[in-house]
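Dear colleague,

Please find below the sequence and the structure that I am handing over to you. My notes on what was found follow directly after them.

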Amino acid sequence: MGDDGAGVPAGTERLRLRRLTIADVDALVELDSDPEVMRFLTGGVATSLATVRDEQLPRLLAQYDRHPGLGRWAAHDRESGEFLGWFALDPSADGTEAELGYRLRRSTWGRRLATEGSRALVRYAFDIVGVRRVWAETMTVNERSRRVMVKAGLHYVRTFHLQWDHPIPGTEQGEVEYEVRAEEWATVGQERPAARRAR
């Protein structure tokens with residue numbers, strides 16, 4: 001797994017990643033308009049065009065220069081070129097840690113693309129960017145995302161509870177945090193090629 005020289009992960013066998021641009025507004029709005037995609041984020045409420053265009057995208061685009069190698073990338077099917085969603089390594093304030101994230105169209109679910117992309121990003125975060133920790137959060141009840149986190153090499157850290165103005169179903173069970181640290185990855189990352197050969 002390499003880097004294209006512009007701070008973009010090389011992608012995977014099935015996924016091509018690229019930087020977001022202002023031209024992605026419509027695709028991002030469409031992605032967030034699916035109630036199932038947004039179920040564990042907003043309870044199914046769509047993100048407005050104004051929010052994506054005027055708040056989210058400007059913030060995400062600014063991150064590329066502030067924290068080279070980290071950020072959020074559009075994901076495309078490598079064969080068809082179709083926009084599938086996005087993957088992220090959102091940087092901490094000092095850029096030494098990254099929050100793993102992804103959001104994919106419902107049509108991609110069940111194809112293990114979330115796991116494929118997340119594994120590639122974790123490897124990239126440690127082997128290319130050199131972060132000290134990759135972490136992720138989701139609702140306790142979001143079993144599908146929790147499985148992806150584990151398959152990507154993260155492990156459970158804690159369950160915690162936040163106060164929400166408009167709680168959605170499942171909020172009462174709290175949020176979970178998963179992580180993997182650089183020192184752990186140094187061991188895990190060396191073991192994986194051998195494990196793959198043994199299959």
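Ile-168 is located in the loop that connects β6 (155-160) and β7 (175-181); please note that the model is a predicted one. With a relative accessibility of 16%, under the 20% cut-off, Ile-168 counts as buried. Setting aside neighbours within four places in sequence, the residues in contact with Ile-168 are Arg-39, Phe-40, Leu-41, Thr-42, Gly-43 and Met-139. Gly-44 is 124 residues away from Ile-168 along the chain, yet their C-alpha atoms are separated by 9.1 Å.

The axes of α1 (residues 25-32) and α3 (residues 49-66) come within 9 Å and cross at roughly 120°, which makes α1 oblique to α3. The crossing is right-handed. On the α1 side, the contact involves Val-25, Leu-28, Val-29 and Asp-32, which meet Leu-49, Val-52, Arg-53, Gln-56 and Leu-57 of α3.

Finally, I turn to helix α4 (residues 113-129). Its 17 residues should span 24 Å at 1.5 Å a residue, and the separation of 22 Å between its end C-alpha atoms agrees with this. Twelve of the 17 residues in α4 are buried, so that the helix is mostly covered; among them are Leu-113, Glu-116, Leu-121, Val-122, Tyr-124 and Phe-126. Gly-130 follows α4 and has a positive phi, near 85°.

With kind regards

Definitions and conventions
Residues numbered from 1 in each chain as written. Predicted model: local features only at pLDDT ≥ 70, side-chain atom pairs only at ≥ 80, totals over all residues. Heavy atoms only, no water. Helix = DSSP H or I, 4+ residues; strand = E, 2+ residues; numbered from the N terminus. Expected span 1.5 Å × (residues − 1). Buried < 20%, exposed > 50% of the residue type's maximum accessible area, 1.4 Å probe, protein only. Axes fitted to C-alpha atoms, helices over the stretch in contact; angles between N-to-C directions. Parallel < 35°, antiparallel > 145°, perpendicular 65-115°, else oblique. Left-handed = near helix turned anticlockwise from the far one by under 90°. Contact = heavy atoms within 4.5 Å.
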